[in-house]
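Open the model in your viewer and keep the selection panel at hand. The stops below tell you what to select and what is there.

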Amino acid sequence: MFDKTDERFPIKTQRTDLNHCGIAPLYSGAAEAVREFCEARVQRGVLGASTYGTIQKNFRRWAARLLRTTASNVSFMKNAAEGLSAIAAGYPFKPGDEVISYIHEYPSNHYPWLLQERRGVKLKLLPNRSLSQTTDNNRPCAWSLDDLETLVSARTRIVAISHVQFTSGFAADLQQLGAFCHERDIDLVVDAAQSLGCLPVHAEPWHISAVVSSGWKWLMGPIGCGLLYTSPALRSKLQIVMAGADIVTQGDDYLNHTWNPYSDARMFEYSTVQIAYEAGLLRCLQEIFTTYSSEQIRDEIFSLQDVFCAHLDTSRLRPLVWPQQNRSGILPLICDYPEALSRKATDKGITVTSRGGYLRVAPHFYNDDDQLTRAAQLLSSLA
Ligand SMILES: Cc1ncc(COP(=O)(O)O)c(C=O)c1O
């Protein structure tokens, strides 16, 4: 069912890349789209860039399909931090308001909230919990809904959390979390950098106010691109904090300085964007992530992880397999010297990375059983 051919994924002829949680291989179709745009400009100058508006329009439309929303709620971004910063800085906090996050979040989902302390906002952090018998509290692991319930107060405005933790691969149950926040009138802001393109993320039915993601991990796009979903209700509260030529509805009537900012998600695309990269990420969405459903991709990834585990020497490399609802694309292994092991494996043609004391194995749908079998055997022998 999946097109896993070497033509579309030429890296398979070179190595087994299991680093989709880090910098993933660029999808060959995305590279083609970037080249096409650049070449048109080389040959035809501004005339070659005439697809700019169409790329933007199509990007919003296709990204909206993936997120189960409408195009007016989607913005193209440079990275996850850009979207999170726009929300954090633009949110109408009052002194004493609170944001709740997790103690081991990725920095892009920590500092934008921490900066709001200068506006009198309190950042409360969920403690680390080892929710599984196979883990200890020495490594980042998970957070619990009980702790969240304890931390929430009448001043809680936002819960800012990763869908999937970049270290342990713990996936939050977003549907449950969305319902929790919705009942309490709290805005749920989700960093989906480690899930979009790998797990379903249904922004609207799950009552999520904002979803951000970088585009070069599970979406296999160019480095330096990403996207942002915002609900109309969230946008109506936010102050604009970044402004430029493209934020107003009068388009290229540049001498007309009437303040008419967009109220849809274009309000975050304040000026000229990295359009060649947007074309690249659009191609990923068109040819992969809306061709296959997120559920199909997720199931294929889990099946590849199962093949890997079946061939692993678990006396030396202990996989942390979460319950189904908390499972993700990251399969973390507990072992001695994960950094040295990841370097050795990468030297021998299997790209893996280590973070937070785990060795992370992160296959994507186009990897195959043979690759995962060989990867497990090699890692077992090196461990
Ligand atoms: C959870 C999470 N969020 C965000 C990012 C990337 O952030 P940015 O797009 O700001 O570079 C990563 C990268 O590892 C991540 O793991």
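Colour the two domains first: the centres of domain 1 and domain 2, taken over C-alpha atoms, are 27 Å apart. Select 10–18 + 293–382 for domain 1 and 45–289 for domain 2. These bounds come from an automatic or database domain assignment. The model is predicted: local features need pLDDT of at least 70, side-chain atom pairs count only at pLDDT 80 or more, and totals for chains, interfaces and linings use all residues. Residues are numbered from 1 along each chain as its sequence is written.

**The domain contact**

Domain 1 and domain 2 each bring 21 residues to their contact. Two residues are in contact if their C-beta atoms, placed from the backbone, lie within 7 Å. Now pick α9 (294–310) and β10 (331–334): each gives at least two residues to the side of domain 1 that touches domain 2. Helices (H or I, at least four residues) and strands (E, at least two) are DSSP runs, numbered from the N terminus. The largest share of that side, five residues, belongs to α9. Colour the side by class and you get eight nonpolar, eight polar and five charged residues. Ala, Val, Leu, Ile, Met, Phe, Trp, Tyr, Cys and Pro count as nonpolar, Asp, Glu, Lys and Arg as charged, and the others, Gly among them, as polar.

**The ligand**

Which residues are closest to the ligand? Select Asn79, Ala80, Phe166, Ala193 and Ser214. They belong to a shell of 13 residues, each with its C-beta atom, placed from the backbone, within 6 Å of the ligand. The shell holds five nonpolar, seven polar and one charged residues.

**α2 on α8**

Show α2 (residues 52–67) and α8 (residues 275–289). Their axes come within 9 Å and cross at roughly 40°. Axes are lines fitted to C-alpha atoms, for helices over the stretch in contact, and angles run from 0 to 180 degrees between N-to-C directions.

**α1 on α8**

By class, the contact of α1 with α8 has 12 nonpolar, two polar and two charged residues.
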